[in-house]
Amino acid sequence: MELTPNHSIGQGHIVHKRTRDTQNFFQYKAPYLCVNLNDPHSLPWFISFNKLNCLSIFYRQHGYREKQTSLFKFATDLAKKYQIDFHQVNFITIPSFLGYSFNPISFYLYLDRHNQLVSILYEVKNTFGDQVHYLSLKDFDQKQFKKNMYVSPFIEMDCTYKITVKIPKPHRFQCFINQYNKDEDQIFYASIDLPLTPLTKLNGFLFFLSNIFGSLKAITLIHVQALKLFIKKSHFFKYSQRIKDKLYLD
């Protein structure tokens, strides 16, 4: 699976579908950056790492979540620990718009010298500020992980994820997540379909102007859907265990 190695932008089409008791479905568009972490200095002036700008990616929100430790340092430390042979790392995320962002999931994509995908680190967050990482070292079809962080008040903790990533074209990234309960019944489905366009100064600034409220839209939709499930009297699971930062292997 070959991915474009360059800085890119795109509007991700996101789908959420609940498949048990209370049926629920919604979809929306979200603005994503795909950044080559090896080459942060080639970004246009309105995109910054660790500094307030039109579009920003803050170290305190990703990776080690330490203000002075870069995401490239985080990614390379992980590669050394788990012996990932890579040439560069592309980071796909919803950036901060004028300082605000919410990222349910971001992706560290390890690429070889031929831009082929060799490993993926999934970075998952919830609305409480918790964060976990799931690392896939091998193939990327139906990779299974145990759920290790409270995400939704309407889905229990005793679940597993099966995650599939596809890159049908170098400028298109897709992720499909199926969630199963302890009886192996599918209870939830989510997907991201992200066409990518090479970043330029012009299209990048237009991307910023047209998506200023992109993160606010995402967090609002999540809470609106939670309210719908509450009104429909879906089973409620209380938030009980704080997860600071943990890594789980496939």
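Visitor: Which residue stands opposite G10 in strand 2?
Guide: In this predicted model, G10 has Y32 opposite in strand 2.

Visitor: What makes strand 1 and strand 2 a pair?
Guide: Pairing requires at least two bridges between the strands. Strand 1 and strand 2 (residues 24–36) are joined by eleven bridges, so they count as paired. The two run antiparallel.

Visitor: Why is strand 14 called a partner of strand 1?
Guide: Two bridges join strand 14 (residues 197–198) to strand 1, and because the requirement is at least two, the strands pair. They run antiparallel. S8 has P198 as its bridge partner in strand 14.

Visitor: How do you know that strand 13 pairs with strand 1?
Guide: There are six bridges between strand 1 and strand 13 (residues 186–195), against a requirement of at least two, so these strands pair. Their direction is antiparallel. In strand 13, A190 is the bridge partner of H16.

Visitor: Why is strand 1 called largely enclosed?
Guide: A residue is buried when its relative accessible area is under 20%. In strand 1 (residues 8–18), eight of the eleven residues are buried, so the rest of the structure largely encloses this strand.

Visitor: Why is L202 called exposed?
Guide: Exposed means a relative accessible area over 50%. L202 has 62%, so L202 is exposed. This residue lies in helix 2 (residues 201–210).

Visitor: Which residues form a nonpolar patch with L202 on the surface?
Guide: L206 and L209 form the patch with L202, and together the three have about 310 Å² of accessible area.

Definitions and conventions:
Residues numbered from 1 in each chain as written. Predicted model: local features only at pLDDT ≥ 70, side-chain atom pairs only at ≥ 80, totals over all residues. Heavy atoms only, no water. Patch = residues over 30% accessible without salt bridge, like charges linked within 9 Å, V, L, I, M, F, W, Y side chains within 5 Å. Areas by Shrake-Rupley, 256 points an atom, 1.4 Å probe, with all protein chains shown as cover. Salt bridge = Lys/Arg side-chain N within 4 Å of Asp/Glu carboxyl O. Helix = DSSP H or I, 4+ residues; strand = E, 2+ residues; numbered from the N terminus. Buried < 20%, exposed > 50% of the residue type's maximum accessible area, 1.4 Å probe, protein only.
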